[in-house]
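Q: Let's talk about aromatic rings today. Could you walk me through reading them?

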Amino acid sequence: YDISKNREKGNYILTYILGKEIEGTHNKALEKIKNVYGDLPVYSIKIPTMNFTLSDFADRVFYDLDPIEWLNMFRNAKFVYTDSFHGVLFSLKYHKPFLAYYTEKMRATRFIDLGKRYNIDNYIVQNVEEIHKKKSIELKPDFEMIDRMLEEHKQYSLDYLEKALNTF
């Protein structure tokens, strides 16, 4: 695959939303993001196999991206707004400022764990009110520290797997 293949270049806010709307509305959350990052277009990624509602807040909706295009939407975004665990992980991988939210208890534990593990709990909220309280948009994640921690966790996992596989 050609990793440079991408439909969209330039500045945009990427939304990747799988669940319910944030308490306080997407429009209010996006307004807060635009107040800091500028009046950028909002692009929304949808998964066609999911029962999804239209993103009336989006300037463009993408529903037929191949895996490389999907990754490049994260890689080229100016800011990511998501309720997806994987959306957060790819924001971290590509060093993108992001705002993540959760509305369902079932998915909360993954976000809370990520927040504590990588010191990113300021960027994970339950509602629009928390965005201001936590300075979620004004502050930016410490990606150098996050990269170091990710590398440590990766090495720990590889060591564990190697040890486990060598016991047979």
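Q: How many aromatic pairs does the structure hold?

A: A pair of aromatic rings is described by the distance of the centres and the angle of the planes. Rings of Phe, Tyr and Trp (its six-membered ring) pair if their centres lie within 6.5 Å; planes under 30 degrees apart count as stacked, over 60 as edge-to-face and the rest as tilted. This structure holds 12 such pairs. It's a predicted model, so local features need pLDDT of at least 70, side-chain atom pairs count only at pLDDT 80 or more, and totals for chains, interfaces and linings use all residues. Residues are numbered from 1 along each chain as its sequence is written, and side-chain values use heavy atoms, with hydrogens and water left out.

Q: Why is the pair of Y16 and F74 edge-to-face?

A: Their planes sit at 80°, with centres 6.0 Å apart, so edge-to-face it is. Y16 is in strand β1 (residues 13-16) and F74 in helix α2 (residues 67-76), 58 residues apart; helices (H or I, at least four residues) and strands (E, at least two) are DSSP runs, numbered from the N terminus.

Q: Is F74 buried or exposed?

A: Buried means under 20% relative accessible area, exposed over 50%, partly exposed in between (1.4 Å probe, protein chains only). F74 is buried at 0%, and Y16 is buried at 6%. F74 also pairs with F90, tilted, at 6.1 Å centre to centre and 45° between the planes. F90, in helix α3 (residues 85-93), is partly exposed at 22%.

Q: Which residues do ring pairs link into a cluster?

A: Y16, W70, F74, F90 and Y94.
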